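Open the model in your viewer and keep the selection tool ready. This tour goes stop by stop.

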Amino acid sequence: MTAVLTPPTATTPRTTGRRPSTRAGRAGPVAYTLLVLAGLLSVFPLYWSLVAGSHTNAEIAATPPPFLPNATFFENVSAAMDQAPLGLAIVNSVVVAGSITVGTVLFCTLAGFAFAKLRFRGSGPLLALVVGTMMVPTQLAVIPLFMMIAELQWVDSLQAVILPTLVSAFGVFFMRQYLVTALPDELLEAGRVDGASTHRIFFSIVLPVARPAMAVLAMLTFLTAWNEFFWPIIALTAANPTVQVAIANLGSGYVPQRAVIMAGTLLGTLPVLLVFALLGKQIVGGIMAGAVKG
């Protein structure tokens with residue numbers, strides 16, 4: 001038998017050997033250059049804090065100013081810790097910010113799930129009331145809140161700072177808006193068909209779905225609680241402060257010691273940087289997972 005070779009027809013695809021051109025590759029160097037510039041601009045305030053905390057007031061005010069740190073930074077840190085209890089303040093801030101973050105994420109996710117997927121009487125007006133509290137200035141609640149903690153004998157104690165901020169109206173509204181679109185009703189119906197209670201549905205179905213939004217809310221809440229100054233300086237004293245209250249007491253005198261202030265500020269910023277270094281990948285991964293819909 002002889003093999004029969006058929007010539008290629010018009011419908012036979014032909015390879016030209018050319019690779020498809022991508023326009024994304026042209027924007028690569030430009031995008032990376034912009035990212036590097038943005039990163040340098042973001043890191044520069046921290047670097048300048050290190051440089052300013054390593055010199056004296058006269059050296060900082062010189063022309064041109066110094067651009068490199070030196071070993072004086074550790075002396076300024078020691079002076080800052082002598083002027084204010086920064087070690088205790090960092091521990092207090094970790095306890096306060098961590099407790100507020102855990103409580104806010106848990107309670108706001110519970111409330112957001114209830115407003116988003118559960119049907120109960122008065123849910124609409126109650127949600128409007130919760131959102132309406134966001135328009136009330138914080139200063140209006142200071143006097144009655146201080147009278148309350150004074151009656152409970154909580155003045156100069158950490159629970160006076162933690163308990164009033166365990167739930168936020170923004171967190172409830174944020175989680176509610178996320179779960180309305182991210183949590184399908186079919187998953188809840190499947191859980192109820194399997195005989196799961198509402199609590200089991202929340203912990204087994206709602207929490208995995210809400211994880212990206214919870215990561216974002218945790219990040220925002222931790223930063224807000226760590227940087228809070230107005231209420232802690234009222235509820236606490238200089239002997240038992242948070243980081244922001246302790247930094248406010250640095251550099252006191254006729255001439256403010258800017259080097260000591262910058263050294264103490266940088267020392268109070270290190271725990272936040274450590275948290276982002278350890279959990280930044282998980283937070284970004286959770287946000288990207290929430291952006292992908294399967």
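**Stop one: a ring cluster**

Select Phe113, Phe202 and Phe203: ring pairs link them into a cluster. Rings of Phe, Tyr and Trp (its six-membered ring) pair if their centres lie within 6.5 Å; planes under 30 degrees apart are stacked, over 60 edge-to-face, the rest tilted. By this rule there are six aromatic pairs. One of them joins Phe202 and Phe203, edge-to-face, with 5.1 Å centre to centre and 85° between the planes. Phe202 is buried at 2% relative accessibility. Buried means under 20% relative accessible area, exposed over 50%, partly exposed in between (1.4 Å probe, protein chains only).

This is a predicted model: local features need pLDDT of at least 70, side-chain atom pairs count only at pLDDT 80 or more, and totals for chains, interfaces and linings use all residues. Residues are numbered from 1 along each chain as its sequence is written, and side-chain values use heavy atoms, leaving out hydrogens and water.

**Stop two: a stacked pair**

Now select Phe222 and Trp226. Their rings are stacked, 5.9 Å centre to centre, with 25° between the planes. About one helical turn separates Phe222 and Trp226, because they are four residues apart in helix H10 (residues 198-227). Helices (H or I, at least four residues) and strands (E, at least two) are DSSP runs, numbered from the N terminus. Phe222 is buried at 14%. Trp226 is buried too, at 4%.

**Stop three: Thr101**

Move to helix H4 (residues 86-117) and pick Thr101. What does Thr101 contact, leaving aside its neighbours within four places in sequence? Ala218, Thr221 and Phe222. Contact means heavy atoms within 4.5 Å. Thr101 is buried, with a relative accessible area of 11%.
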